[in-house]
Amino acid sequence: MPAIASGKVLVTGANGYVAVWLVKQLLEQGFSVRGTVRSPAKAEHLKKLFASHGDKLEFVVVEDITKDGAFDEAVKGVDAIQHTASPFHFNAVDPSEIIGPAVAGTGTILQSALKFGTNVKRVVVLSSTAAVQEAGLPEPKVFTEKDWNNKAIEEVETKGKDADQIEKYTASKTLAEKAAWAWYEKNKAQLKWDLVVVNPPFVFGPLIHEISDVSALNTSMNLWYLFVLKGAGDAATLATVGNCWADVRDVATALVRALEKPEAGGERFIISAGPWKWQDWVNSARKFSPSVPAGNTEWKRETNVDPIITDSSKASKVLEGLVEVLNAFACFLVVFESSQHTRIPTFIPVRFGIKKE
């Protein structure tokens, strides 16, 4: 498929944490953007944020992404689709509460693109390394795009409501992405567009979407706020709990690159800056502000073992321009203003002093 260097891009869930950064980068690179939101009110912040782009930004309301035909009108006249709308929370009682919307939402956008996306040349789906990596393995492992998190699927199938909340979420991402690829292979012969999937791990970094106060933080940044700034983790948790991460701006860049690079078609890409433990972030934050709780002062990065490593070399090669950002850690300290007039977090970059091997 040809590279997509201009035209109109549909961004689903346009008011989300990653999606707003994606909208910003698309507009700055000259694309027009049509964003979907669940209600007109959810578009107001974005209209103000991107007012300088005028009629290059428009919105359509999609109240329920799981409903058949939900995106039929939204896909008409767009040249590409960025599907970012998917649930991310750890509150599901029954696994179906999070798996159903994740799988159905991806299915509806693909079906709408097939039926009514006559101008569409590429569909990019934002998935997660939750669909790639498996936790609880006996030995550390480097995960690549060839891997799938089948362990999470097995757990929710076996334990149902009693499955771990994290496994319910990771199963939803795995099943949604598997369903997308299965649908694509089944329908590929009649499609005029190809599919790309981008798989970041935990996403941290600046927030430009609408946030009224800390209670409205998205899941990943809420965890960051609690464990780093509020001292929510005990010494053992800070030293042992972690994963891999990516800066939200780098994820947005990768999504744009996934549109622009012809060779990205039909591929999935891990976007990762490398591993972390909560104490990594605490140590970096304290370099900026000693008032941050010290956490586990005996923990040392040099003797740490990371059980999960994600290999982002494929993305660095194909999605050019990501090499530099993927090869250095940066930490972002959240500073919540006390003024009643501004409750938006400000992020100050602090170097980790750790480099990805």
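Residue numbers start at 1 in each chain and follow the sequence as written, and side-chain values rest on heavy atoms, with hydrogens and water left out. Since the model is predicted, local features need pLDDT of at least 70 and side-chain atom pairs count only at pLDDT 80 or more, while totals for chains, interfaces and linings use all residues.

**View 1. The whole chain, for orientation.** There are 11 helices and 14 strands here; these are DSSP runs numbered from the N terminus, with helices being H or I of at least four residues and strands being E of at least two. Of the 357 residues in the chain, 53% are buried (buried is under 20% relative accessible area, exposed is over 50%, partly exposed is in between, using a 1.4 Å probe and protein chains only). Take the contacts (heavy atoms within 4.5 Å) between residues at least 6 apart in sequence: 76% of them join residues at least 24 apart.

**View 2. An open sheet with three strands.** The strand order is β8-β9-β11, and the pairing is mixed (two strands pair if DSSP finds at least two bridges between them). β8 (202-204) and β11 (274-277) sit at the edges with a single partner strand each, so one side of each has no neighbour in the sheet. Ignoring direction, neighbouring strands are turned by 50° against each other on average. Look for β9 (residues 242-247), which runs antiparallel to β11 over four bridges.

**View 3. Around Leu226.** This residue belongs to helix α6 (residues 219-229). Leu226 has 32% relative accessibility, so it counts as partly exposed. Setting aside neighbours within four places in sequence, Leu226 touches Gly231 and Ala232 by the contact criterion. Val214 is 12 residues away from Leu226 in sequence, with 9.7 Å from C-alpha to C-alpha.

**View 4. The largest cavity.** A search of the whole structure turns up one cavity of 30 Å³ or more; a cavity is a set of points, on a 1 Å grid over the protein atoms alone, where a 1.4 Å probe fits but cannot get out, and lining residues have an atom within 4 Å of a point. The largest cavity holds about 80 Å³ of space. Its lining has 13 residues, and Thr106, Val125, Leu126, Lys173 and Ala176 are the closest to the centre. Elements giving two or more residues to this lining are α3 (96-116), β5 (122-126) and α5 (165-187), and α5 gives the most, with four.

Note on methods: Axes fitted to C-alpha atoms, helices over the stretch in contact; angles between N-to-C directions. 1 Å grid on protein atoms, 1.4 Å probe; cavity = no way out; pocket = protein on both sides within 12 Å on 5 of 7 lines; lining within 4 Å. Points joined across faces, edges and corners; volume = space filled by probe spheres on them.
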